[in-house]
Amino acid sequence: MNTEIIKIDPNNIDISLIDRAADVIRGGGLAVFPTETVYGLGANTFDPAAVAKIYAAKGRPSDNPLISHVCRLEQVYELAAEVPNQALRLMERFWGGPLTVILKRGANVPDIVSAGLDTVSIRFPSHAVAYELIRRSGVPIAAPSANLSGSPSPTAARHAIDDMYGRVDIIIDGGDSLIGVESTVVDLTSEVPTILRPGAVTADQIAEITGVCVYGGDYANAPKCPGMKYTHYSPRARVWAVKNMDDIPRDGNSVILTYGAGDYDRPVYNAGETAADYAAKLFYFLRRADEDGYGTVYARLPEEEGIGIAVRNRLLKSAGGKVI
Ligand code: TXA
Ligand code: MG
């Protein structure tokens, strides 16, 4: 397939370029676009043939449902059978932003979007390019992360291009994703709001609105959140999650991935000062390790708080549970 690549500056959006991608979405094609979390691989939610192309382009298992991206509240009512009050309050507080809500599925949502489940997942991104693309397309956009299934999600345009060139109609280069880990997925169809995938919006922040919100832990939600059961976020290099940076073994072909200060006996990717900096660069550096030819990445496990909870979740999956 011929893939067009266009560059759009989120701070100075050229609507005629947005319309090139919106035409692709309306015409039943695939468009890769930036969001504040990771790059997405989008198609018209209401076009089952277009959505089928997403699964093919990624090599995604067909039992793994997709998030529909919206740009206004009315679109939630086109997708969900019911919109409970607490969902509205969460949307008001966290949209646009990195929160995906799971609601009861409305009659218009094609089976293939929800992978046959009776629920639908919905997110309103804050990224200006994503927002304009959804708005000009005029339909909700079903979009998983724009990586080949199993690989780390792309947070730089170049990484989305590496995986999706030749598989999609158009790729929008809108710069780097600022958050770097995918949205928090919260299930609002269970008795108690339940985090199925941790992200930048934490269970504590959600509980401030809903009174209670639980997270069952990194391996608890596989049956409910199909995506979490697959091997994930893995570069070709072996990844180890490291609790204590003093315990890293000697290894001539390895790199250390960390943040904050520290002296090491080998090459280091330093993501910055904070856990948020680390989140922003985690997937980027996992892919860099392959580009730079390292066989092993020793990656620091951050503290279990704030966005560190999401980083630990991705890192543990990327390492296949291997912890030092
Ligand atoms: O930040 C994000 O959420 C990015 C950007 C592009 O918006 N998207 C993303 O999509 O990460 P994806 O498909 O890579 O991950 C969605 C996750 C999967 O683990 C999937 O199983 C789960 O959400 N999910 C989607 N719909 C669901 C549903 N109805 N019930 C349970 N889990 C659902
Ligand atoms: Mg994904």
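The model is predicted: local features need pLDDT of at least 70, side-chain atom pairs count only at pLDDT 80 or more, and totals for chains, interfaces and linings use all residues. Residues are numbered from 1 along each chain as its sequence is written, chains are lettered from A and ligands numbered from 1 in the order in which they are written, and side-chain values use heavy atoms, with hydrogens and water left out.

**Domains**
- The protein is assigned domain 1 (4-215) and domain 2 (238-318). The bounds come from an automatic or database domain assignment.
- Their C-alpha centres are 27 Å apart.

**Interface**
- Contact (heavy atoms within 4.5 Å) links 26 residues of domain 1 with 14 residues of domain 2.
- The two domains bury about 1,500 Å² between them, with 55% of it on carbon and sulfur atoms. Buried area is the accessible area (1.4 Å probe) that two parts lose on being put together, summed over both.
- Pro152, His159 and Val181 supply 33% of the area that domain 1 buries against domain 2, more than any other three residues.

- Three salt bridges are found between domain 1 and domain 2. The rule asks for a side-chain nitrogen of Lys or Arg within 4 Å of a carboxyl oxygen of Asp or Glu.
- Glutamate 182 and arginine 314 form a salt bridge through their side chains, at 2.7 Å from N to O.
- Helix 7 (residues 157-164) gives the most to the side of domain 1 that touches domain 2: four residues. Helices (H or I, at least four residues) and strands (E, at least two) are DSSP runs, numbered from the N terminus.
- That side of domain 1 divides into 10 nonpolar, 10 polar and six charged residues. Ala, Val, Leu, Ile, Met, Phe, Trp, Tyr, Cys and Pro count as nonpolar, Asp, Glu, Lys and Arg as charged, and the others, Gly among them, as polar.

- An open sheet of 11 strands has the order 1-8-2-3-7-4-6-5-9-10-11, with mixed pairing. Its edge strands, strand 1 (4-7) and strand 11 (214-215), each pair on one side only.
- Two strands pair if DSSP finds at least two bridges between them. Strand 3 (residues 40-44) and strand 7 (residues 141-142) run antiparallel and are joined by two bridges.
- Asparagine 44 has isoleucine 141 of strand 7 as its bridge partner.

**Alanine 203**
- Alanine 203 lies in helix 8 (residues 203-210).
- Alanine 203 touches Ile195 and Cys213, not counting residues up to four places away in sequence.
- Threonine 184 is 19 residues from alanine 203 in sequence and 8.9 Å from it in space, C-alpha to C-alpha.
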